[in-house]
Amino acid sequence: MPTIRFLLADGAELAVEAQNGRTLMETALEHSVPGIIAECNGSAACATCHVVLPEEILLALGPISEHENDMLDFAEAPRESGSRLSCQIKVSDALDNISVRVPAA
């Protein structure tokens, strides 16, 4: 199982084991990661699961969808170059040991 490291807005780090095939959002909710609200429960309609990923992972994930891109404009925290909706990122072994930053909101 991949390990995902959530870097919290207060500077704390929460390392959790994630199941392949689940989303980063589902993983965050299962482990009560602060700052991941997921009001729309993963339908990419609220941007309350906004995270910031490292550039090297963004390249491996491929292009962001137009819908996700538009939704990030509504995130409470300012959008950054690595911003993504965690509900749109599937966990795989390629994400093992990545650090996912949860922006302050």
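Ser32 counts as exposed, at 59% relative accessibility. For the cut-offs: buried is under 20% relative accessible area, exposed is over 50%, and partly exposed is in between, with a 1.4 Å probe and protein chains only. Ser32 sits in the loop between H1 and S3. Helices here are DSSP runs of H or I with at least four residues, strands are runs of E with at least two, and both are numbered from the N terminus. From Ser32 to Phe74 is 42 residues in sequence and 23 Å in space, C-alpha to C-alpha.

A word on what we are looking at. This is a predicted model, with local features needing pLDDT of at least 70, side-chain atom pairs counting only at pLDDT 80 or more, and totals for chains, interfaces and linings using all residues. Residues are numbered from 1 along each chain as its sequence is written, and side-chain values use heavy atoms, leaving out hydrogens and water.

Confidence next. pLDDT is the predictor's confidence in each residue, from 0 to 100. The chain averages 94. At least 70 is reached by 100% of the residues. Where is confidence lowest in the chain? In helix H2, residues 55-61, at a mean of 89. S1 is highest, at 98. Where pLDDT is low, the predicted coordinates should not be read in detail.

Now the start of the chain. Met1 lies in the segment before strand S1, which spans 3-7. Met1 is exposed, because its relative accessible area is 63%. Setting aside residues up to four places away in sequence, Met1 touches Glu17, Ala18, Gln19 and Asp96. Contact means heavy atoms within 4.5 Å. Met1 and Gly82 are 81 residues apart along the chain, and their C-alpha atoms are separated by 24 Å.

Back to the loop between H1 and S3. Ala38 is in this loop, and helix H1 covers 24-30. Phi of Ala38 is near 55 degrees, a positive value in a residue other than glycine. Is Ala38 buried or exposed? Buried, because its relative accessibility is 8%. Beyond four places in sequence, Ala38 is in contact with Met25, Leu29, Cys46, Thr48 and Cys49. Asp73 is 35 residues from Ala38 in sequence and 16 Å from it in space, C-alpha to C-alpha.

Ala47 is also in the loop between H1 and S3. Phi of Ala47 is near 65 degrees, again positive in a residue other than glycine. Ala47 counts as buried, at 6% relative accessibility.

Ala47 brings us to the pocket. The largest pocket has a volume of about 190 Å³. Which of its 15 lining residues are closest to the centre? Gly35, Ala47, Thr48, Glu76 and Ala105. On a 1 Å grid over the protein atoms alone, a pocket is an open set of points with protein on both sides within 12 Å along at least five of seven lines, a cavity is a set where a 1.4 Å probe fits but cannot get out, and lining residues have an atom within 4 Å of a point. Points are joined across faces, edges and corners, and the volume is the space filled by probe spheres set on them. The lining divides into 10 nonpolar, 3 polar and 2 charged residues. Nonpolar means Ala, Val, Leu, Ile, Met, Phe, Trp, Tyr, Cys and Pro; charged means Asp, Glu, Lys and Arg; the others, Gly among them, are polar.

On to strand S3. His50 is in this strand, residues 50-52. His50 counts as buried, because its relative accessibility is 5%. The side chains of His50 and Ser83 are joined by a polar contact of 2.7 Å. A polar contact is a pair of N or O atoms within 3.5 Å; within protein, one must be able to donate a hydrogen and the other to accept it, and residues adjacent in sequence count only if both atoms are side-chain atoms. His50 also has contacts outside four places in sequence, including Ile36, Leu72, Arg84 and Pro103.

Two serines to finish. Ser86 is in the loop between strand S4, 83-85, and strand S5, 98-101. Ser86 is buried, at 1% relative accessible area. A polar atom of the Ser86 side chain lies 2.8 Å from the backbone oxygen of Cys49. Among the residues Ser86 touches beyond four places in sequence are Thr23, Ile36 and Val51.

Ser65 is in the loop between H2 and helix H3, 66-72. Ser65 counts as partly exposed, at 35% relative accessibility. A polar atom of the Ser65 side chain lies 3.0 Å from the backbone nitrogen of Glu68.
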